[in-house]
Amino acid sequence: MKAIVQTGYGLPDGVELRELPTPPIEDHQVLVRVRASSVNPVEWYRVAGPVFARVSNGVFAPKKPALGADLAGRVEVVGKNVAELKPGDEVFGTSGASWAEYAPAREVRVVRKPPEISFEEAAAAPIAALTALQGLRDRARVEPGQKVLINGASGGVGTYAVQIAKAFGADVTAVCSTRNVELVRSLGADRVVDYTREDFTRRSERHDAMLDIAGSRPMRQFARVLKRDATVVLVGGPMNARLGPLPHLAATRAAAAARSQSVEFFLAKITPEDLAVMAGLLASGKVKSVIDRRYELTRVREALSYFGEGHARGKVVISV
Ligand SMILES: NC(=O)c1ccc[n+]([C@@H]2O[C@H](COP(=O)([O-])OP(=O)(O)OC[C@H]3O[C@@H](n4cnc5c(N)ncnc54)[C@H](OP(=O)(O)O)[C@@H]3O)[C@@H](O)[C@H]2O)c1
């Protein structure tokens, strides 16, 4: 089968397309014929190789060559302890090696794909949509009528966050650049702030919660646009090939200690329950995957380079 292999650190040369044997599966896994995947910061950091990525994957050379988290495809083979899925089922979720024609996935990391959506629309969702869902529901605990501010509304996580916040009945103010204003408005945002023309931290409305996806501003500047008991959910920070989002996370943690607003840091968890929630939202049309660009497996280097520019409009999908 064709698969992307990480051969070293650095973009774009750290990945290659190779011919590999079809991977074996363990008893609790299914083998998926992958039809689509997508790009998330996790792959970009793995290949770019900042310090924290090398600590987990080898200082001088990557120990784990497989890449790709999100996946959608058809189950080919099931392990003997797999209870719910059978060959032929169309699924979506995550694997550790989905940038390939065949990928092993734990049964608890995939659910059935709704027939209403394409493989690409399904593969766009797992990490980005579950990050938005868990950030809004579990961390910000958003309730109907609350005012939610979303900074970084036009990328992978942001386009899901705007729609999920609206599905929860929130009043959404979304921050993005000029070329994405209409897109973000079309996703349901009640107000869109163009950060190239207006400083959102100087607006007069006060919000109950903020999802900071872009990490473009220091925490101390948010206070003006937040209610006293507001929650700030820190999702990410600027892409930085040397230190990743760590400087922004550290500065926010320090600033948060001195404030009444609470700051939540979190890493999304891929659970079958939340994949099923997203399957329902996608099937009903309340949430749509916004796909910016599609790249074949042969063009993964270009996909990573484009993603690394930091201005994707929705998701960058890998078609397999
Ligand atoms: N905590 C978790 O579990 C988790 C999971 C996934 C991702 N993340 C983090 O979330 C962040 C975003 O991930 P993603 O997949 O959504 O990335 P993405 O698809 O690359 O989105 C980046 C978006 O950021 C926007 N942006 C850039 N500069 C901005 C600014 N100054 N103000 C407002 N928006 C700005 C861009 O919009 P414009 O083109 O309009 O500038 C672009 O749409 C990353 O830091 C990532 O590490 C965290």
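Two strands count as a pair here if DSSP finds at least two bridges between them. With that in hand, here are some close-ups of this predicted model.

**View 1. Where strand β9 meets β10.** Strand β9, residues 171-176, runs parallel to β10, and four bridges join the two. Look for threonine 173: standing opposite, over in β10, is arginine 191.

**View 2. An open sheet of six strands.** Step back to the sheet and you can read off its strands in the order β10-β9-β8-β11-β12-β13, with parallel pairing. At the edges stand β10 (191-194) and β13 (262-265); each has a single partner strand, so one side of each is left without a neighbour in the sheet. From one strand to the next, the twist averages 15 degrees.

**View 3. Helix α4 packing on the sheet.** Helix α4, made of residues 126-139, touches β11 (207-212), β12 (226-234) and β13. Its direction makes about 145 degrees with that of β12.

**View 4. Helix α5, largely enclosed.** This helix covers residues 156-167, and its 12 residues reach 17 Å from first C-alpha to last, close to the 16 Å expected at 1.5 Å a residue. Of those 12 residues, 10 are buried, so α5 is largely enclosed by the rest of the structure. Among the buried ones are Val157, Tyr160, Val162 and Ile164. What do the buried residues of α5 pack against? Their partners are α4, β8 (147-151), β9, α6 (181-186), β11 and β15 (315-319).

**View 5. Just past the end of α5.** Here sits glycine 169, which takes a positive phi of about 85 degrees.

Notes:
Residues numbered from 1 in each chain as written. Predicted model: local features only at pLDDT ≥ 70, side-chain atom pairs only at ≥ 80, totals over all residues. Axes fitted to C-alpha atoms, helices over the stretch in contact; angles between N-to-C directions. Contact = placed C-beta atoms within 7 Å. Expected span 1.5 Å × (residues − 1). Buried ≥ 20, exposed ≤ 12 C-beta atoms within 10 Å, placed from the backbone.
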